[in-house]
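Open the model in your viewer and keep the sequence beside it. This tour goes stop by stop, saying what to select and what is there.

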Amino acid sequence: MSRIVAIGEERSVVAFPMVGVTTMAVGDAPEARAAWASLPDDVGLVILTRSAAEALQTVLHEPGQPLWAVMS
């Protein structure tokens with residue numbers, strides 16, 4: 001089974017563990033890139049805050065990356 005991960009500012013991802021989503025709280029672009037780079041192989045979906053998506057725009061569309069969505 002694939003895992004779901006949320007990456008973004010703590011205030012935006014704090015509630016996700018209540019529904020079984022792993023969270024990676026980040027405070028800036030380098031932290032977002034480090035979180036993305038450290039995703040385990042079993043991650044099937046990554047939920048991103050807008051700022052995390054902006055920080056990751058250069059890697060999100062690379063082949064082999066997990067499915068991702070940006071929260072609004």
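**Stop 1: a salt bridge**

Select Arg3 and Asp42: their side chains meet in a salt bridge, 3.0 Å from N to O. A salt bridge here is a side-chain nitrogen of Lys or Arg within 4 Å of a carboxyl oxygen of Asp or Glu. By this rule the count comes to 1 salt bridge. The pair links distant parts of the chain, 39 residues apart: Arg3 lies in strand S1, and Asp42 in the loop between helix H2 (29-37) and S3. Helices (H or I, at least four residues) and strands (E, at least two) are DSSP runs, numbered from the N terminus.

Buried means under 20% relative accessible area, exposed over 50%, and partly exposed in between (1.4 Å probe, protein chains only).

A note on the model before moving on. This is a predicted model, in which local features need pLDDT of at least 70 and side-chain atom pairs count only at pLDDT 80 or more, while totals for chains, interfaces and linings use all residues. Residues are numbered from 1 along each chain as its sequence is written, and side-chain values use heavy atoms, with hydrogens and water left out.

**Stop 2: the sheet**

Now show the cartoon and colour the strands. The 4 strands form an open sheet in the order S2-S1-S3-S4, with parallel pairing. Strands S2 (22-25) and S4 (67-70) stand at the edges with a single partner strand each, so one side of each is left without a neighbour in the sheet. On average, neighbouring strands are turned by 20° against each other, direction ignored. For such angles, axes are lines fitted to C-alpha atoms (for helices over the stretch in contact), and angles run from 0 to 180 degrees between N-to-C directions.

Go through the pairs. Two strands pair if DSSP finds at least two bridges between them.

- S1 (residues 3-8) with S2: parallel, over 4 bridges. In S2, Thr22 is the bridge partner of Val5, and Thr23 that of Ala6.
- S1 with S3: parallel, joined by 5 bridges. Arg3, from the first stop, stands opposite Val43 in S3. Ile7 has Leu48 as its bridge partner in S3.
- S3 with S4: parallel, over 4 bridges. Leu48 has Val70 as its bridge partner in S4.

Trace the chain from S3 through H3 to S4: this β-α-β crossover is right-handed. That is, with the strands pointing away from the viewer, the path from the first strand over the helix to the second runs clockwise.

**Stop 3: the cores**

Which residues of the largest nonpolar core touch the most other members? Select Val5, Ile7, Met24, Trp36, Leu39, Val46 and Leu48, out of 16 residues in that core. The elements giving two or more residues to this core are S1, H2, S3 and H3. A nonpolar core is a set of buried Ala, Val, Leu, Ile, Met, Phe, Trp, Tyr and Cys residues joined through side-chain atoms within 4.5 Å.

Centre on Leu48. Leaving out residues up to four places away in sequence, Leu48 touches Ile7, Trp36, Ala53, Leu56, Leu60, Trp68, Ala69, Val70 and Met71. Contact means heavy atoms within 4.5 Å.

Move to Ala53, in helix H3. Ala53 is buried, at 11% relative accessibility. Its contacts, not counting residues up to four places away in sequence, are Leu48, Leu60 and Val70. Draw a distance to Arg33: Ala53 and Arg33 are 9.6 Å apart, C-alpha to C-alpha, and 20 residues apart in sequence.

A second, separate core has 5 residues, including Ala6, Val13, Val21 and Ile47. Select Val21, in the loop between helix H1 (10-13) and S2. Val21 is buried, with a relative accessible area of 8%. Val21 touches Ile4, Val5, Ala6 and Phe16, not counting residues up to four places away in sequence.

**Stop 4: Thr49**

Finish at Thr49, in the loop between strand S3 (43-48) and helix H3 (50-55). Thr49 is buried, at a relative accessible area of 3%. Show its surroundings: Thr49 touches Ile7, Gly8, Glu9, Ser12, Val13, Val70 and Met71, not counting residues up to four places away in sequence.
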